[in-house]
Amino acid sequence: MALDELRTLITRHARAGVTSTPDGVHLALVEHPGEPEAATTGTVLAVVVQGAKRLALGDRVHDYRAGQYLVASLDLPVTGQFTEASPERPALGVGLTLRPSVVAELVLHPAARDLVAAGRGRAVPPGVAVSTAPPALLDAVLRLVRLLDRPRDLAVLGPMVEREILWLLLTGEQGATVRQLGLADSSHQHVGHAVRWLREHYAETVRVEDLAQLARMSPSAFHRAFRAVTAMSPIQFQKQIRLQAARVRLAVDPRDVAGAARAVGYESASQFSREYHRQFGAPPGSDAQRLRAAAAVEVTA
């Protein structure tokens, strides 16, 4: 079975945590469930090969396990954790960065014409979606991971297998989400303009009307599309980005809680502490000390 061979290959190639290659292949080997960690998705396909994982985006929670995959069409702030993992049976996964240029090339292929036409006028698909991986997709992923043992072949054959994987995704159950990556005028692309602005200017005060104008949408249409894609309102999204940025600052200097709050756009230190605690499960200073202690353990391990 494809999953059995993938387990063997990932165990051989992956170090503890996540191992990434220059070709956009990511291998995960995790021996403990751990606590939920804030992260960003990237534009990615992620297949669980062993164990199970949970990913929370706004008010949506996605649980997926061996034989299932997740796709993300925008770089979104999430909280994730492997929920089933042990030293004897670690959680294993394989991911592939989804390149918009390759998706666009496939979307423009005549064979995709009916897919694109069928998607017009339908509801905006979510930015993150989960499905069971069909055998053809698992087989293609397996052939891509096999190429890690043959670096010279990977340079030539890897892009071919990548195209096959993307085509199977485009024509599969979550094709609507993946197609958004390759459509220049898609709802995801419009929302993406606002997402990028919020990432680059998270500390600034912003009005939803201004974001809608940036996305070239009416305020009401923009708000609906933004929530459909991200499972959050624009203001909630900005708060997530602010808190993640503050966490990075506090990992460097856990004593300057007030300074971190101001730097990411909070005027009230008490509000910052409340929202930080709610997001990460501990007050800012305590959480930062825990992160530094965990990092020190990893360095000495």
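1. Is valine 44 buried or exposed? Valine 44 is buried, because its relative accessible area is 13%, where buried means under 20% relative accessible area, exposed means over 50%, and partly exposed covers what lies in between (1.4 Å probe, protein chains only). The residue belongs to strand E4, strands here being DSSP runs of E with at least two residues and helices DSSP runs of H or I with at least four, numbered from the N terminus.

2. On the basis of the model: this is a predicted model, in which local features need pLDDT of at least 70 and side-chain atom pairs count only at pLDDT 80 or more, while totals for chains, interfaces and linings use all residues. Residues are numbered from 1 along each chain as its sequence is written, and side-chain values use heavy atoms, with hydrogens and water left out.

3. On the surroundings of valine 44: if residues up to four places away in sequence are not counted, valine 44 touches Leu70, Val71, Ala72, Leu96, Thr97 and Leu98, contact meaning heavy atoms within 4.5 Å. Valine 44 and valine 71 are 27 residues apart in sequence, yet their C-alpha atoms are 5.6 Å apart in space.

4. On the strand pairing: E4 and E7 run antiparallel and are joined by four bridges, with alanine 46 opposite leucine 70 in E7; two strands are taken to pair if DSSP finds at least two bridges between them. E7 is also joined, by five bridges and again antiparallel, to strand E10 (residues 128–132), where alanine 129 stands opposite valine 71. Four of the five residues of E7 are buried, so that this strand is mostly covered.

5. On the nonpolar cores, each a set of buried Ala, Val, Leu, Ile, Met, Phe, Trp, Tyr and Cys residues joined through side-chain atoms within 4.5 Å: the largest has 41 residues, and those with the most contacts inside it are Leu45, Tyr69, Val94, Val141, Ile165 and Leu169. Among the elements that give two or more residues to this core are strand E4 (44–50), strand E7 (68–72), helix H4 (135–146) and helix H5 (151–170), and the largest share, seven residues, comes from H4. Leucine 169, leaving aside neighbours within four places in sequence, is in contact with Leu45, Tyr69, Val71, Leu98, Leu137, Gln174, Gly175 and Val178. A second, separate core has 28 residues, including Val128, Val195, Phe222 and Phe226.

6. On glutamine 244: this residue is found in helix H10 (residues 234–252) and counts as buried because its relative accessible area is 15%. Apart from neighbours within four places in sequence, glutamine 244 is in contact with Ala38, Ala39, Thr40, Pro77, Val78 and Phe280.

7. Arginine 216, in the loop between helix H8 (208–214) and helix H9 (219–230), has a positive phi near 60°, and alanine 231, in the loop between H9 and H10, has a positive phi of about 65°. Arginine 216 counts as exposed because its relative accessibility is 57%, whereas alanine 231 counts as buried because its relative accessibility is 3%.

8. On helix H5: leucine 157 lies in this helix and counts as partly exposed because its relative accessibility is 31%.
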